[in-house]
Amino acid sequence: KKFNLSGGTLPGRQEIDVYVETMEAVGEALERVGRQSLANNLAVAAVSPENAQRLKAAGYTKISMDLEVWDKNLFAGICPGKAKTVGWQRWVESLEAAAEIFGRGNVRSLFVSGLEPKSSFLEGADYLASKGVFACPIPWCPNPGSKLEGHRTPTPGWHLGLAEELVKIWQRHGYTLEQICEFPAARIFL
């Protein structure tokens, strides 16, 4: 009943063609056996409205474009590749446009919680929720060998408090449990 796809970014931005061809092949295979996928989630880099339209036409019903951090200054330092190739403002505009194309509650952006102040993330989550986008925090766990190795993530209580405030934002903006559950990463809240 569900199809989740994430493949990263391919050179030359050709991943949109690959994702469209993949979903077309999935749709044809399902059609041959008399089935239809109900929720087709795709994790992709920020896409233009035109490419979002192409993805929706191919059969994707939900899309994720992960901003990682809300604070613009931290974004440049934590996500230098995204900052250089897309930029914070264009990434946010892509999320907003995707929400208009895919519909309210059908767009998600993952954030690495613990890299920025709680208030910064919650400000972004509230803003995005008002635009039809779910902001989903994934607790930061520094990896060995990474540039941030040795830094500590906030306490479990900090992350729990963040999740509690986020649920209030989702409720205030009228999102349902069914909408939240459609995105696999959001299930950490259940």
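Is C136 buried or exposed? C136 is buried, at a relative accessible area of 1%. Here buried means under 20% relative accessible area, exposed means over 50%, and partly exposed lies in between (1.4 Å probe, protein chains only). C141, by contrast, is exposed, at 55%. The model is predicted: local features need pLDDT of at least 70, side-chain atom pairs count only at pLDDT 80 or more, and totals for chains, interfaces and linings use all residues. Residues are numbered from 1 along each chain as its sequence is written, and side-chain values use heavy atoms, with hydrogens and water left out.

A disulfide is taken as a pair of cysteine sulfur atoms within 2.5 Å. The count is zero.

The largest nonpolar core holds 50 residues. Such a core is a set of buried Ala, Val, Leu, Ile, Met, Phe, Trp, Tyr and Cys residues joined through side-chain atoms within 4.5 Å. L55, I63, M65 and F102 touch the most other members. Elements that each supply at least two residues include α1 (15-32), α2 (49-58) and β4 (107-113). The greatest share comes from α5, with eight residues. Helices (H or I, at least four residues) and strands (E, at least two) are DSSP runs, numbered from the N terminus.

Buried residues of α1 are E15, I16, Y19, V20, M23 and V26. Seen down the axis, they fall within an arc of 135°, so they line one face of the helix. That arc is taken over the directions from the helix axis to the C-beta atoms. The face turned away from the buried side carries exposed E21 and R32. After α1 comes G34, with a positive phi near 75°.
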